[in-house]
Amino acid sequence: GATGMCAVDDIVGINEIAKEYNIWLNIDAAYAGVVSMLPEMRPLTAQLNLADSMFINGSKWMNCLFNSSLLFFRDRAAVAASLNATGVYLDNKQTSSGAVVDLKDYQLGLGRPFRSLKLFTTFQSFGIDGLRGTLRRHISLAGYLIKCLQFRSTEFSASNGTSAVPFIFPIEPIFGLVCAAFNPACYPRHKYADFLKFVDLVNATDKIYIVHTVLTPPVGDAAAAEQGDLFLVRFSLSHATLDFADMDRIVNIVFEQLAEFNKIEC
C-alpha cells in the first residue's frame with residue numbers, strides 16, 4: 001500500500017537489514033520525496049539520508065513536465081561504473097585524469113534528451129519559494145478536502161435515511177493525497193468491478209480524474225479481515241494552480257456521481 005495510499009515505510013528498520021546483508025538501499029520517493037524542500041517536513045524525511053540512492057519524479061508533484069526523474073546517490077563511482085559508456089573514440093585526457101564529471105556516465109546509453117532543461121525552467125519559473133508555496137498549499141488543500149468529504153458523507157447518508165456513511169477515511173493525509181474508501185456497512189454486497197463503475201462515472205465528467213486502489217487488511221488483524229478489502233478512490237492534488245474553490249468543485253462532482261452510482265448499483 002505504499003504507493004496506493006502514500007504510506008511511508010520503516011526506512012530505519014529496512015536500513016538495518018540492508019546494512020547487515022550489504023544490500024544497496026534505494027528509496028522510491030517518486031511522489032512525496034519532494035517535500036524534503038520543506039523545512040517543517042524534514043523530521044519525517046530525515047530517514048531518506050540513510051539511502052544509497054533515491055528517486056524523485058519531477059512530473060508528479062514538482063511542477064515539471066513528464067519524463068523528468070531525479071536520481072540522488074551516495075557513491076558516485078558505483079553509479080558511473082554501472083552506466084559507463086566506454087570506447088576508444090570516447091577517450092579524452094580530461095575524463096581519464098578524473099578532472100571532470102563526465103555526464104555520459106550518469107545516463108542511459110549516450111542518450112541526449114536534455115531532461116535537465118525541464119528542471120532548470122521549472123526552478124527558474126517558480127523559484128524555491130514558489131515550489132515550497134505550492135507544496136504547502138496542496139497539503140493544506142488535502143486537509144480541507146478530507147473534511148469536506150467527511151461532512152458531505154454524513155449529510156448524504158442523512159438525506160438518504162441511513163446512518164451508514166458512503167465513505168470512510170482509513171488514513172489521514174500528510175501530503176497532497178486524499179483517499180476515500182467505500183464503507184462496507186453501506187455497500188456490503190459490492191465487489192471490485194462494481195466500484196470501478198463509480199470511478200468511470202466520475203472520470204466521464206471530464207472535469208476531474210480519479211484513480212483507485214485496494215487496501216488489504218493487515219495480517220493478524222481479525223477485525224479488519226472480517227471487514228475485507230477496502231476499495232479506495234484517490235485524489236492526488238498536484239496541479240500548480242489548485243485552490244479551495246477547486247476542492248469544493250471536486251466534492252460536488254463526487255457526490256453528484258455517487259447519487260448516479262447508487263441508482264445503478266443500489
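## Aromatic pairs

The predicted model contains 18 aromatic pairs, where rings of Phe, Tyr and Trp (its six-membered ring) pair if their centres lie within 6.5 Å, and planes under 30 degrees apart count as stacked, over 60 as edge-to-face and the rest as tilted. One of them joins Trp61 and Phe175 in an edge-to-face arrangement, at 6.4 Å centre to centre and 80° between the planes. This pair links distant parts of the chain, 114 residues apart: Trp61 lies in helix H4 (residues 58–61), and Phe175 in the loop between strand S4 (167–168) and strand S5 (177–182). Helices (H or I, at least four residues) and strands (E, at least two) are DSSP runs, numbered from the N terminus. Trp61 and Phe175 are buried (under 20% relative accessible area; exposed is over 50%, partly exposed in between; 1.4 Å probe, protein chains only).

Phe167 and Phe182 form a tilted pair, at 5.1 Å centre to centre and 55° between the planes. Here strand S4, with Phe167, is linked to strand S5, with Phe182, across 15 residues. Phe167 and Phe182 are both buried.

## Aromatic cluster

Phe167 and Phe182 also belong to one aromatic cluster, whose members include Phe156, Tyr187, Tyr192 and Phe261.

## Partly exposed residue

Leu71 is located in strand S3 (residues 69–73). Leu71 counts as partly exposed because its relative accessibility is 35%.

## Basis of the values

Residues are numbered from 1 along each chain as its sequence is written. In this predicted model, local features need pLDDT of at least 70 and side-chain atom pairs count only at pLDDT 80 or more, while totals for chains, interfaces and linings use all residues; side-chain values use heavy atoms, with hydrogens and water left out.
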